[in-house]
Amino acid sequence: MSLLSIEQLTKEYDGIRALDRVSLKVEGGSIKGLIGPNGAGKSTLFHLISGVEKPDSGKILFKKRDITNMESHERSALGIGRTFQTVQVWGNMTVVENVMAGMHRRLKGSLFSYGLWLPWIRTSEKEALKEAKEILNSLGLLGKWESTASQLPYGKQKLLELGRALAMKPQLLLLDEPASGLTLSEIEQLSERISEMRQKGVTVFIVEHHMGMVMEVADEIAVLHNGELIAEGKPENVRRNSVVMEAYLTRGSAGK
Amino acid sequence: MSSQPAKGAQKEFRKRDLFYLVPLWVLSLIAPDPYLYHKKEFKRKDLYYLGAIGLAPLTWSDPHFHHVMVLAGIYAILALGLSLFMGYAGQISLGHAAFFGIGAYTTAILTTRHGFSPFVALWASVLSASAVAYLIGRPILKLKGYFLALATLGFGEIFLVMVRESTDLTGGVIGIFGIPWFSVAGFSFDTYLKQYYLIWGVVAGLFIFSKNLVRSKLGRALLAVAASEDAASSVGINVPRIKLEIFVLGAAFAGLAGSLFACIMSTANPETFGLGVTVPIVMMVILGGMGTIYGPVAGAILLTWLMDILSRYQEYSLPIYSIILILLLIFFPDGIGTRLNVRILYLIGYWAKKRKRDEGKL
Amino acid sequence: MGAIYALVALGFVTISRASQIINFAQGEFVMLGGVATFFLLNGVRLPYPLAALIAVMIVVLVGFAMYLSVLYPLRKASILILIMATLGISIFLSSTSGLIFGTLPKALPPFTDEQPLMFWGISMLPQSVWVLVSTLVLLTFLYLLSHRTLLGKAMEASSTDPLGADLLGISRSLMVFLAFGVSAGVGAFAGILITPIFFTSYNSGTLLGLKGFIAAVLGGWGKNSGAILGGFVLGIVESLSLAFIPSGYKDAVAFVILLLILYFRPKGILGSPFIDSRRW
C-alpha cells in the first residue's frame with residue numbers, strides 16, 4: 001500500500017486549470033521526484049498536499065486516511081514535513097531554536113507546565129536541545145548553532161530548513177526545489193543527505209528543476225505539464241520518453 | 001564601565017551625549033540581546049535585579065516613590081502580558097485596556113456589592129478576563145495587521161460604552177467607590193510600602209512564569225508564528241490555537257492587574273480603561289524592545305515615571321507627552337535597550353580611541 | 001451623519017491608496033476643521049466663507065507637517081509603529097487644540113437660515129441639505145482627481161506597485177505627501193459641514209475617525225465608492241438603531257458592525273482590492 005496517494009486532483013485559479021485530474025502514488029520508503037517546466041502545476045500540487053490550499057475536487061490519502069480537507073498543522077502532525085521554495089526559516093530565532101521548534105509536536109506539556117517549569121519539562125527541553133544539536137551536527141551547522149538564523153547564508157538556510165523538517169521525524173518529506181539557488185558542491189551535499197534519508201525510512205517527494213540531481217537520487221519520477229501528468233516511471237525511462245522531451249523543448253529548456 | 005570619562009578634549013562631545021547616556025546606561029543592561037539561546041536561561045544578574053527591586057523602597061522611603069512604583073508594577077504586569085502577544089507572537093492588540101477594566105470591575109462589583117474578599121475577587125477577575133478573551137479571541141485572531149488592530153480597538157470601545165451605560169452594574173461614568181484594600185488571610189496591604197511589595201512580588205512571579213514560557217517550546221512556537229505562519233503550521237504548530245492561548249494568557253495578566261489596581265485605587269471608573277491606558281502599555285512593549293521579557297518591565301518603570309513627572313505640568317502634560325512618545329518612536333523604533341546597546345558600544349570605542357590619541361599627544 | 005462618515009472614510013482611503021498607512025489621526029482633521037473655523041469666525045471675526053477656506057488651508061498644512069515631521073522618518077517602520085505614531089499625533093492634535101481653542105464644545109451657525117425645507121413630504125434642515133450637496137460636489141471632485149488625472153493615477157500606481165512607480169519616475173514620498181494634504185483637506189471640510197449640526201469639541205475627533213475607518217472597511221477597504229457607500233450605510237444603521245436601543249449605546253453600534261463585518265465578510269460590501277495581500 002502506498003504511503004501517499006492522490007486521486008483525480010483538480011485545482012483552478014480564476015478559470016485557469018493549474019492541475020487537471022492528476023493521480024499519482026508515492027510508495028513508502030522510496031524517493032519520488034516531480035519535474036516539469038515552469039508553470040506546470042508542481043508547486044500547486046505541493047500546496048495541496050501540505051494543506052496550504054484546498055483542491056476543487058479529488059482526494060488525497062495519506063496512510064489510508066483522507067486528508068483532503070485537513071488543516072496543514074494537522075497534516076504535519078500525521079507525519080508530513082516540508083520545506084519551502086523560497087526559504088522560510090524563522091529569522092527571529094537562533095539556528096538551534098529553529099530545529100527545536102521543529103520538534104513542536106513531539107514535546108508535550110500545557111502552557112502552565114511550561115510556565116512553572118516543572119521538572120519533567122526541564123528534562124524534555126534538555127533532551128530536545130541535545131537532539132537538535134545532533135541534527136545540526138549531521139548537517140554541518142553545529143558551529144553556528146547560536147547565531148540568528150537570518151544571518152546564515154542562503155544555502156545554509158536551506159539546509160537548516162531541511163533540519164527543521166527532519167526534527168519533526170516525518171514519514172513523508174516534501175522538498176520544494178531544494179537545490180534552487182545552491183552551489184554545485186552544496187547540491188552534492190544535499191543529494192547525499194536525501195539519499196541518507198532513505199536508509200532512515202523517510203519517504204521523500206521532491207519537486208525540482210535541477211534534473212541531474214533528481215535523476216540521481218529519485219527511484220521514480222513523475223512529469224507534469226500544463227497541469228496534466230504526462231509521464232511516470234523510472235528515471236531512465238522518463239528521460240527517454242518522447243512526450244517529456246517534447247514538453248521540455250516546446251516550453252524552452254527548463255532542465256539543465 | 002565608567003560613564004564618567006576624564007575631563008578634557010571631549011567636552012563638546014560629552015555635552016551632547018551624556019544627558020541620555022547616564023540614565024539610560026542602566027537600561028541597556030536591563031535589555032540584553034534577546035536572541036542568543038543561552039541568554040534565555042536564568043542568570044545571576046536576574047537575582048541582582050530582584051534584589052534592587054526589593055531594596056529600592058527601603059532606600060527611598062518617600063511614599064510618592066512607593067506609589068509611583070506600585071503603578072509602574074501594575075503597568076508592568078499589563079505590559080508583560082501584552083509583550084507575549086505582541087512582542088513574541090507578533091500580533092497587535094489595542095484592546096488590552098478592556099481586559100484591565102474587566103478585571104477591575106469584577107473585583108469592584110464582587111467586593112462592594114457581594115461582600116467577597118479581595119483575594120477571591122482576584123481569582124474571579126482573572127477568570128472573567130480570560131473568559132471574555134477566549135470568546136472575543138476566537139473570531140478576532142484570524143485577522144492580521146491593521147484589521148486586527150482595528151478590531152481589538154473596537155472591542156475596547158464597546159467595553160467602554162457598556163461600562164458607561166449599564167449604570168446599575170458599574171455605576172456609569174462615576175464608577176464604583178470604596179473597594180477594600182487587598183488582603184490575604186487577615187493581612188491587609190494598607191500602606192504604599194506593603195502594596196509595593198505585593199505588586200512587585202506578583203510582577204516577579206509573572207516575570208518568571210513568562211520567562212519560562214518564552215524559553216520553552218511555547219516561546220519558540222510564538223516566535224515561529226510571528227515570523228512565518230506557513231512555516232509554523234508546516235511543523236505542526238496549531239497557529240490559531242497558540243495565538244488564542246497567548247491572547248487569553250495576556251488577558252489573564254491584565255485581569256489580575258485590573259483587580260490589584262481596583263484594590264489599590266479603591267475606585268473603578270471608565271476613564272481609566274480607555275485608549276489612555278492602551279497607548280502607554282503598547283508603548284512600554286515597543287520601548288522595552290519587542291520580544292524581550294525585561295523590556296516591558298523596564299518600559300513600564302520608565303513611562304510611569306515620565307507620566308508622573310509630566311502630570312505636574314497639568315494641561316501641558318498631554319501635548320508634551322505625545323511629542324515625547326512620537327520622538328521615542330522615531331528614534332527608538334526597536335526599543336531603547338537594543339539601540340542603546342549599540343550606541344554605548346560605539347561610545348566606549350570612541351572614548352578608548354580618543355583617550356589613546358590624547359595620551360599619544362601628551 | 002452618513003455623509004460625514006463617508007468623507008472621513010474617504011480621507012482614510014486616500015492616504016492608504018497612496019501609502020498603505022492608516023492614519024488614526026484622521027478624525028482629528030475633522031475636529032480641527034470645525035474648531036479652527038469657529039475660532040476664525042468668532043475670535044478673528046472673519047466672514048464665514050473666508051474663515052472656512054482658511055481653516056481648510058490650516059488643516060491641510062497640519063496634514064503636510066504631520067507627514068513631513070513624523071511619517072516620513074517612519075516610512076520604513078512596521079505597522080505597529082505607524083499605528084502608535086498616528087495615535088500619538090492624534091493625542092497631540094486633540095490636546096493641543098484643547099489648549100489653544102479651549103475645551104468647551106463649539107457649534108457653528110448654520111450656513112443658511114434654519115427653516116426646515118420640505119421635499120416630497122420629508123422635512124430636512126437646510127444644513128443637512130448643505131451637507132449632502134457639498135459632499136456630493138466634493139466626491140465628484142475627488143473622483144475626477146483620482147481617476148481622471150495623471151496625479152490620481154500616479155498615486156494609485158505608487159500604492160499598488162511601488163517598484164513599478166519608482167521605475168516610472170513617480171516619487172512615492174511626494175505622492176504620500178500630497179495624499180496627506182488631500183485627506184486633511186477633506187477631513188477639515190467634513191468638520192466645517194458637521195459643526196453646525198453637532199457640537200465639536202477638542203476630543204470628539206478620535207471617535208469620529210474610528211467610525212470613518214469602520215465605514216471604509218464596511219464599504220470595501222481601499223475603494224472610494226466603498227468608502228462612500230460604507231459611510232452612508234453606517235450613518236443609516238446608526239440612526240435606525242436608535243429606535244431599538246438606548247441612545248447611550250449608539251457609539252457601540254458601529255463597533256459591533258465592525259466586528260461582524262470583519263468576521264463574516266472582511267472584504268466589505270463592495271469587495272476590496274487589497275484584502276488578499278498578506279499585509280491586510
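**Figure 1. Helix 1 of chain C packs against helix 8 of chain C in this predicted model.** Helix 1 covers residues 2-19 and helix 8 covers residues 172-194. Their axes lie 8 Å apart, at an angle of about 175°. That angle is over 145 degrees, so helix 1 of chain C runs roughly antiparallel to helix 8 of chain C. From helix 1, the contact uses Ile4(C), Leu7(C), Val8(C), Leu10(C), Gly11(C), Thr14(C), Ile15(C), Ala18(C) and Ser19(C). Residues from helix 8 include Met175(C), Val176(C), Ala179(C), Phe180(C), Phe189(C) and Leu193(C). By class, the contact holds 16 nonpolar and 5 polar residues, with no charged ones.

**Figure 2. Helix 3 of chain C and its cover.** This helix takes in residues 48-71 of chain C. The buried residues are Ala51(C), Ala52(C), Ala55(C), Val56(C), Val59(C), Val60(C), Val62(C), Gly63(C), Met66(C), Tyr67(C), Val70(C) and Leu71(C). Within chain C, their cover includes helix 2 (26-43), helix 4 and helix 8. Chain B contributes to that cover too, through helix 14 (317-331).

**Figure 3. Helix 14 of chain B crosses helix 4 of chain C.** The two axes come within 8 Å and cross at roughly 160°. The two helices are therefore roughly antiparallel to each other. Their crossing is left-handed. Chain B brings Leu318(B), Pro319(B), Ser322(B), Ile323(B), Leu325(B), Ile326(B) and Leu329(B) to the contact. Chain C answers with Ile81(C), Met84(C), Ala85(C), Gly88(C), Ile89(C), Ile91(C), Phe92(C), Ser95(C), Thr96(C) and Leu99(C).

**Figure 4. The contact between chain C and chain B.** Chain C puts in 35 residues and chain B puts in 32. On the chain C side, helix 4 (79-101), helix 9 (205-219) and helix 11 (250-264) each give two or more residues. Which of the helices of chain C gives the most? Helix 4 does, with 14 residues. The chain C side divides into 29 nonpolar, 4 polar and 2 charged residues.

**Figure 5. The contact between chain A and chain B.** Here 33 residues of chain A meet 28 residues of chain B. On the chain A side, at least two residues each come from helix 2 (72-78), helix 3 (95-102), helix 4 (111-115) and helix 5 (119-139). Helix 3 of chain A supplies the largest share, 5 residues. By class, the chain A side has 15 nonpolar, 12 polar and 6 charged residues.

**Figure 6. Helix 11 of chain B and the residue just after it.** The helix covers residues 239-265 of chain B. At 1.5 Å a residue, its 27 residues should span 39 Å. The end C-alpha atoms are 38 Å apart, in agreement with that value. Just past the helix, Ser266(B) has a positive phi of about 60°.

Figure 7. Most residues other than glycine have a negative phi. Gln8(A) sits in strand 1 (residues 4-13) of chain A. With 13 C-beta neighbours inside 10 Å, Gln8(A) counts as partly exposed. Glu177(A) lies in the loop between strand 7 (172-176) and helix 7 (184-199) of chain A. With 20 other C-beta atoms within 10 Å, Glu177(A) is buried.

**Figure 8. The elements of chain C.** Chain C has 11 helices and 2 strands. Along the sequence, the pattern reads α-α-α-α-β-β-α-α-α-α-α-α-α. Of the 280 residues in chain C, 49% are buried. Among contacts in chain C with a separation of 6 or more, 73% join residues 24 or more positions apart.

How values were computed. Residues numbered from 1 in each chain as written. Chains lettered and ligands numbered in written order. Predicted model: local features only at pLDDT ≥ 70, side-chain atom pairs only at ≥ 80, totals over all residues. Axes fitted to C-alpha atoms, helices over the stretch in contact; angles between N-to-C directions. Helix = DSSP H or I, 4+ residues; strand = E, 2+ residues; numbered from the N terminus. Parallel < 35°, antiparallel > 145°, perpendicular 65-115°, else oblique. Contact = placed C-beta atoms within 7 Å. Nonpolar A, V, L, I, M, F, W, Y, C, P; charged D, E, K, R; others polar. Buried ≥ 20, exposed ≤ 12 C-beta atoms within 10 Å, placed from the backbone. Expected span 1.5 Å × (residues − 1). Left-handed = near helix turned anticlockwise from the far one by under 90°.
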